[in-house]
Amino acid sequence: KKAQTSIRTYRHLRTHALKAEYPLRVRFLAQRSLHTMKWLLGLSSLFVGFTLHRFNQSVFLTRFALTSRFIPATENALRFEGRWLANEDDGSAVADWPCSTIHVRVKVNDPSQSGLRIHWRGVRVRILVRIEKEDGSIPSSETILAGPAFDFPLAQPDIHLISFPSEGAFHVSIRKLNNAVPLGMGLANSIFDPSIVKVYGFDQEGGIELLPFEQVPERILDFIGASDTAGYCVDGTRDMSDVYSELAGWEYDNCDSTVGGDLAKRFQAQVSFQASAGMGVTQNAAAAEQWQLGPLPLPALINRTLMTNSKERWPYETRPLPDLVVVSLGGNDFNHQGGHVPTDAKFSSAYKDLLLDLFLNKYSSNHTEDPSKERPKIVSVCGQGSPDEGNDQNRCRACPHIEEAVNDFQAENPFGLGSFVDYIFVPCDGSVVTGEDDIGCMVIKI
């Protein structure tokens, strides 16, 4: 209506200006009305276009809804592994620790008409979608998806269609592969969005049925550590530059290919990772420059449901106890520090405090209804390095300090907790890790 009014105003003023030779002021008003008319018409066309787009989108979604059923991520039939935070308002679930996984079990009746659509979103997030037929008659398939490097306003969820090769029962898992903070917990984390995956749910399309999980893996493994545990840049190569691996290394993170991921598959166990590149026990890597990784070492963060959310505490008391806890932490306290390393007394005290905290506050026997699980075994691992990893990068440098701390803990608790702690040393002389196709682009952090 405003556009039509401007058109009439323009025509009226133009006619009278020509006939009566109105002053320049009148001609100016006529020209301004013409510009207003063009602007309003342009705005109207944008509005009409947007309305048509939303209308077409609604038609598509309505048509799709007639042949599918949406399953929110909070559906009881789904199984969660690792740490997830549910949002009951929209039915979604979010996670940022590596190897957090959602499991879905489905029965496919007609593969030509069936599919499962994942609705998800994550900035600087890699996820692994694995499809396994339960009777083992078809090899499993894997697809890695990646979110955008930067978020955009009004961005819509990514949708990925899973197709099935045959009829039968299938197990689908969606696993987050990368660190929670690819750019570090310091200044960058206050500027850029962390690597949080958000799963909205699944479209159950065609002849597909959602099945409950009849069995859940009995074994539970927990892994606490830095980049070797988190899988920092595992899929990368040694010829990647330091700058590129720092900025885009998240595109090559893969916790599923680490020792933790491999052990979980071999023992058919559930797994939980509290790990992030550059983390330490008393201080993080490059501690003099806290703007990189922040002031908090990993022991101050492992009680969080989300590593990047200090408000949500993980409810250890309601979760089953793990059978094994592997701690691979401490190397960054002594590497990349410019000589400013903790004393033996300070490191040993902090490491023993970490072990004691795990036993008393996180993996206490009072937290489980299963009396057979008195407490888990905790194994401290150190080493796993290559002899040619670069300057100020010796994964075995911290090993004598860690071994001493474990020995002290065992001696101080001879008839109690000390018997549940052990230490494993993995050499850095090239006899285990050679640096060829077995260490990715891990040349900076450990």
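**Note on disulfides, sheet and cores**

1. Cys382 and Cys399 are joined by a disulfide (cysteine sulfur atoms within 2.5 Å), with an S to S distance of 2.2 Å. The torsion about the S-S bond is -90°, and the link of Cys382 and Cys399 is left-handed. Because Cys382 belongs to strand E16 (residues 377-383) and Cys399 to helix H10 (residues 399-412), the pair ties together parts that are 17 residues apart in sequence. Helices (H or I, at least four residues) and strands (E, at least two) are DSSP runs numbered from the N terminus. Cys382 has a relative accessible area of 4% and is therefore buried; Cys399, at 3%, is buried as well. Buried stands for under 20% relative accessible area, exposed for over 50% and partly exposed for values in between, with a 1.4 Å probe and protein chains only.

2. The model is predicted: local features need pLDDT of at least 70 and side-chain atom pairs count only at pLDDT 80 or more, whereas totals for chains, interfaces and linings use all residues. Residues are numbered from 1 along each chain as its sequence is written, and side-chain values use heavy atoms, with hydrogens and water left out.

3. On confidence, the average pLDDT (the predictor's confidence in each residue, from 0 to 100) of the protein chain is 83, and 80% of the residues score at least 70. Residues 12-66 fall below 50, and this stretch has 25 contacts (heavy atoms within 4.5 Å) in the model beyond near neighbours in sequence.

4. Three disulfides are found in a search of the whole structure. One of them pairs Cys99 with Cys255, whose sulfur atoms are 2.1 Å apart. The torsion about this S-S bond is about 110°, so the disulfide of Cys99 and Cys255 is right-handed. This pair links distant parts of the chain, 156 residues apart: Cys99 is in the loop between strand E4 (92-95) and strand E5 (101-108), and Cys255 in the loop between helix H5 (242-248) and helix H6 (259-266). Both cysteines, Cys99 and Cys255, are buried.

5. Cys396 and Cys428 also form a disulfide, with sulfur atoms 2.0 Å apart. Their link is right-handed, with 90° about the S-S bond. Cys396 lies in the loop between E16 and H10, and Cys428 in the segment after strand E17 (421-426), so that distant parts of the chain, 32 residues apart, are linked. Cys396 counts as buried at 17% relative accessibility, and Cys428 is buried at 13%.

6. Five strands form an open sheet in the order E14-E13-E15-E16-E17, with parallel pairing; strands pair if DSSP finds at least two bridges between them. Strand E14 (270-275) and E17 are at the edges with a single partner strand each, so one side of each has no neighbour in the sheet. From one strand to the next the twist averages 20°. E16 and E17 run parallel and are joined by six bridges.

7. Helix H9 (residues 344-362) lies across strand E13 (220-225), strand E15 (324-328), E16 and E17, running at about 150° to E16. Angles run from 0 to 180 degrees between N-to-C directions, with axes fitted to C-alpha atoms, for helices over the stretch in contact.

8. The largest nonpolar core has 41 residues, of which Val327 and Tyr351 touch the most other members. At least two residues each come from E15, H9, E16, H10 and E17, and H9 gives the most, with six. A second, separate core of 29 residues includes Ile71, Val104, Leu116 and Phe164. Such a core is a set of buried Ala, Val, Leu, Ile, Met, Phe, Trp, Tyr and Cys residues joined through side-chain atoms within 4.5 Å.
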